[in-house]
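Let's take a friendly walk through this structure together.

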Amino acid sequence: MELASLTASLLTHLGVATDQLDRGDLAVRSPIDGGTIARLAATPPADADAALKRAHAAYLAWRKVPPPRRGELVRRYGILLRQHKAELGELVTIETGKIRQEGLGEVQEMIDISDFACGLSRQLHGLTIASERPGHRMMEQWHPAGVVGVVSAFNFPAAVWAWNATLAWVCGDSVVWKPSERTPLTALACAALFNAAARELGEVPKGLLEVLVGGRELGTLLADDPRIAVFSATGSCAMGKALAPRVAARLGRSILELGGNNGAIVCPSADLALTERAILFAAAGTAGQRCTTLRRLIVHESVCDALLERLHSAWRRIPVGNPLDPTPLVGPLIDSAAGTAMDAALAEAREEGGTVRGGEKISVPGCEGGCYRRPALVEIPAQCAVVKRETFAPILYVMRYRDFDDAIALHNDVPQGLASSIFTRDLTEAERFLSTTGSDCGIANVNIGPSGAEIGGAFGGEKDTGGGRESGSDAWKAYMRRATCTINYSGALPLAQGIRFGL
Ligand code: UN1
């Protein structure tokens with residue numbers, strides 16, 4: 001079936017009114033063949049303002065609903081996601097170009113975070129703290145923060161939004177979502193399923209989820225609007241650096257999940273067969289378009305040739321092709337600009353003395369308008385500027401090390417700090433990598449690659465990655481406001497710090 005009509009039929013199954021698909025100027029293209037699959041109308045600023053008003057009113061009502069009841073809404077959402085996993089996964093594949101396995105994985109990640117958030121709705125607990133004053137008690141309470149603005153990227157058009165939205169809803173917040181203008185259809189489908197869950201539950205205020213369709217002007221609008229209590233953005237470091245100061249200027253709160261330039265150290269004792277498999281998924285998977293993609297490999301000189309031999313053979317065999325077909329492991333890049341950026345990075349690497357293998361254009365029959373590239377493996381003598389930059393494409397730079405401390409220093413010597421790995425069977429190396437003086441990233445793994453995190457842990461990174469944490473652990477606290485409460489049940493009025501004050 002032609003992609004546009006396949007998309008329309010998936011959207012119908014997912015509950016999206018298809019009359020809006022050819023209404024506007026915003027062309028949505030599938031990276032699979034570059035063809036237009038919809039033309040949406042962008043949200044005008046006046047409509048965005050009305051959406052923010054509805055979201056704010058929804059928050060005022062929703063914050064009064066007991067959290068476990070809020071969790072029930074998210075639980076129902078998770079059930080609908082399970083029922084529609086195949087269709088939503090396929091839509092993600094069509095809109096992002098990721099292979100079917102990864103499209104389904106993305107929906108599974110949404111289901112997982114829905115389960116997590118539902119459980120969390122009975123766990124939004126604060127501390128009780130011993131007071132220094134007799135007959136006093138201190139406690140922390142967590143209250144809903146307000147409207148959460150979510151700006152999401154094309155590469156995880158549903159899961160990363162769901163990390164934010166499901167937590168926000170159980171925390172008593174409402175959500176205004178600005179998806180990437182390249183993947184608005186997935187957003188419309190996620191919203192349709194959410195609205196279905198809300199209808200099922202009943203008594204859910206309108207405006208708990210508002211979707212704004214359009215470009216960067218809408219992200220800026222959310223960053224600037226004081227009604228957005230929490231601004232959560234995923235995207236490039238440049239995007240974060242443009243928007244974060246705007247949120248800060250109004251003393252708003254941001255959660256930033258920006259670029260990664262993730263490295264792995266391969267030590268002499270590493271299990272090379274396991275390491276090879278881990279590297280293949282982390283570097284070539286999702287066509288190198290995850291923020292957690294492995295981009296830098298730092299290999300001990302004693303095992304580098306053996307590992308490279310394995311990687312060269314694997315890289316030659318990676319099936320690249322239409323992600324809707326069952327065999328490809330690597331689909332297209334998001335657009336031709338991404339291909340141009342990849343070519344430019346490889347040219348720069350060559351100038352720096354790099355040996356480039358792979359990276360060539362691949363013509364996929366029937367998908368001539370798509371931008372397909374063989375993943376590239378680049379041996380490079382030094383960590384030069386191109387290696388320190390995040391190029392959102394499947395390029396793996398390989399460097400050698402002799403001394404372990406040098407390897408860690410090289411690993412940390414990039415502006416970004418998202419995810420990292422070490423491959424070793426030596427306990428002291430593993431522990432040093434995880435220690436205070438080891439990896440400086442928000443995610444540090446042993447004997448698995450840097451990508452493909454589970455939702456149970458807090459997700460995010462340091463330095464230019466932005467410092468935000470989303471998803472599991474106690475990331476929920478960023479979606480609430482903390483009140484420190486002191487209660488005096490004594491009848492006397494002792495002051496803290498022993499201060500005497502009175503007439
Ligand atoms: C992203 O690329 O923005 O850990 C998120 C991973 C996925 C999420 C990636 N669970 O690779």
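Ser471 lies in strand S22, which covers residues 470-471; strands here are DSSP runs of E with at least two residues, helices are runs of H or I with at least four, and both are numbered from the N terminus. This is a predicted model, in which local features need pLDDT of at least 70, side-chain atom pairs count only at pLDDT 80 or more, and totals for chains, interfaces and linings use all residues. Residues are numbered from 1 along each chain as its sequence is written.

Back to the backbone of Ser471: its phi is near 75°, a positive value in a residue other than glycine. Most residues other than glycine have a negative phi. Is Ser471 buried or exposed? Ser471 is buried, with 27 other C-beta atoms within 10 Å. The cut-offs are 20 or more such atoms within 10 Å of a residue's own C-beta for buried, 12 or fewer for exposed, and partly exposed in between, with C-beta atoms placed from the backbone.

Ala287 also has a positive phi, near 50°. Ala287 sits in the loop between helix H10 (272-284) and strand S11 (294-300), and is buried, with 32 other C-beta atoms within 10 Å.

Now turn to an open sheet of five strands, paired in parallel in the order S7-S6-S5-S8-S9; two strands pair if DSSP finds at least two bridges between them. Strand S7 (209-211) and strand S9 (253-257) stand at the edges with a single partner each, so one side of each has no neighbour in the sheet. Direction ignored, neighbouring strands are turned by 15° against each other on average; axes are lines fitted to C-alpha atoms, for helices over the stretch in contact, and angles run from 0 to 180 degrees between N-to-C directions. Strand S8 (residues 228-234) is joined to S9 by five bridges, and Val230 stands opposite Arg253 in S9.

Helix H6 (residues 159-170) packs on this sheet, touching S5, S6, S7 and S8, and its direction makes about 175° with that of S5. Helix H8 (residues 216-224) packs on the sheet too, touching S5, S6 and S8. Contact here means C-beta atoms, placed from the backbone, within 7 Å.

Finally, which residues are around the ligand? Among them are Glu109, Asn155, Phe156, Val160, Thr234, Arg290 and Cys291, where near means a C-beta atom, placed from the backbone, within 6 Å.

Key
Contact = placed C-beta atoms within 7 Å.
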